[in-house]
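I want to look up who pairs with whom, and then check a helix and the surface.

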Amino acid sequence: MVQWTKSTDLSLFTEGDAVSYQNFAKRTQRNQATRLHIAQTLLRLLAKEPLNTITTTKLIQESNVSRMTFYKYYGSKQDVLADYLYEIVTAYRMDLKQHP
């Protein structure tokens, strides 16, 4: 899975691709928002019960996303947690580079 972050290289777009870039940017923001929503839902569930008792079906229902949407981004509930932790570590590393 491609990780789209603020540092994603968008140099493949030229000035003539303004509409394509805008569509890409909107889609990317929507994708990030959906991924974050699913991760936040998992964290809410983890506050109540251990990961091994949370089913993917329950996570999908609580997130209020379709099964297809969930599997578009993740293969399992463990992938959700791994992706969220990756984003936290990446943000922390970027912050350390800016403020050593």
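Started with K58, which comes out partly exposed at 28% relative accessibility; buried means under 20% relative accessible area, exposed over 50%, partly exposed in between, with a 1.4 Å probe and protein chains only. K58 has a salt-bridge partner, E49, with N to O at 2.7 Å. I take a salt bridge as a side-chain nitrogen of Lys or Arg within 4 Å of a carboxyl oxygen of Asp or Glu. E49 counts as buried, at 19% relative accessibility.

Before going on, I note the ground rules: this is a predicted model, where local features need pLDDT of at least 70 and side-chain atom pairs count only at pLDDT 80 or more, while totals for chains, interfaces and linings use all residues. Residues are numbered from 1 along each chain as its sequence is written, and side-chain values use heavy atoms, with hydrogens and water left out.

How many salt bridges are there by this rule? I get three. Next I looked up D83, which bridges to R35 with the closest N and O atoms 2.8 Å apart. D83 sits in helix α4 (residues 77–98) and R35 in helix α1, so this pair ties together parts that are 48 residues apart in sequence. Helices here are DSSP runs (H or I, at least four residues), numbered from the N terminus. D83 is buried, its relative accessible area being 8%. R35 is buried too, at 8% relative accessibility.

R35 also meets E87 in a salt bridge, 3.4 Å from N to O. E87 lies in α4 and R35 in α1, so I have a tie between parts 52 residues apart in sequence. E87 is partly exposed, with a relative accessible area of 24%. I therefore wrote down R35, D83 and E87 as one network of salt bridges.

Then the surface. K26, R27, R30 and K72 form a positive patch; patch members have over 30% relative accessible area and no salt bridge, and like charges are joined within 9 Å. Lys and Arg are what I count as positive, with the charge placed at NZ of Lys and CZ of Arg. Helix α1 (residues 18–46) gives the most to this patch, with three residues.

Last stop, helix α2 (residues 56–63): which of its residues are buried? I find T56, L59, I60 and S63. Seen down the axis, they fall within an arc of 100°, so they line one face of α2. That arc uses the directions from the helix axis to the C-beta atoms. After α2 comes N64, with a positive phi near 60°.

Note on methods. Helix = DSSP H or I, 4+ residues; strand = E, 2+ residues; numbered from the N terminus. Patch = residues over 30% accessible without salt bridge, like charges linked within 9 Å, V, L, I, M, F, W, Y side chains within 5 Å. Areas by Shrake-Rupley, 256 points an atom, 1.4 Å probe, with all protein chains shown as cover.
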